[in-house]
Amino acid sequence: MARDSCDGCGRPVSVAGGIANLWTFGEDDGSEGSAMMLEFEDGSDHLLCYPCIAALPDEPTAEDVARLEQIDEESSRLGPV
Ligand SMILES: [Zn+2]
């Protein structure tokens with residue numbers, strides 16, 4: 001399992017190894033694999049923790065990712081533009 005940090009809030013995250021695990025989101029308590037790689041419309045991709053994914057709008061852009069900030073261990077939000 002790779003260790004990395006969220007592109008949005010910068011919190012340390014872990015990514016469960018293997019593409020199959022990308023789709024097990026929600027099946028555990030979050031202790032194993034706490035981020036997903038999201039590919040955006042503009043072709044960029046970003047490693048984002050689940051709280052950041054939850055905070056993003058339906059059609060996120062790289063600018064939205066830049067605004068993400070950590071509130072606490074379990075929450076993120078979009079900061080001011
Ligand atoms: Zn994050």
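Two strands are taken to pair if DSSP finds at least two bridges between them. Helices (H or I, at least four residues) and strands (E, at least two) are DSSP runs, numbered from the N terminus. The structure is a predicted model, in which local features need pLDDT of at least 70, side-chain atom pairs count only at pLDDT 80 or more, and totals for chains, interfaces and linings use all residues. Residues are numbered from 1 along each chain as its sequence is written.

Strand 5 (residues 68-72) and strand 6 run antiparallel to each other, joined over 4 bridges. These two strands form a hairpin, with 2 residues between them.

The protein chain contains 2 helices and 6 strands, arranged along the sequence in the pattern β-β-β-β-α-α-β-β. Of its 81 residues, 22% are buried (20 or more other C-beta atoms within 10 Å of the residue's own, with C-beta atoms placed from the backbone). Among contacts (C-beta atoms, placed from the backbone, within 7 Å) with a separation of 6 or more, 30% link residues 24 or more positions apart.

The pLDDT (the predictor's confidence in each residue, from 0 to 100) averages 81 over the protein chain, and 75% of the residues score at least 70. Confidence is highest in strand 6 (residues 75-78), at a mean of 96, and lowest in strand 1 (residues 2-5), at 77. Over residues 27-31 the pLDDT falls below 50, and this stretch has 1 contact in the model beyond near neighbours in sequence. Where pLDDT is low, predicted coordinates should not be read in detail.

Key. A residue is buried if 20 or more other C-beta atoms lie within 10 Å of its own, exposed if 12 or fewer, and partly exposed in between; C-beta atoms are placed from the backbone. Two residues are in contact if their C-beta atoms, placed from the backbone, lie within 7 Å.
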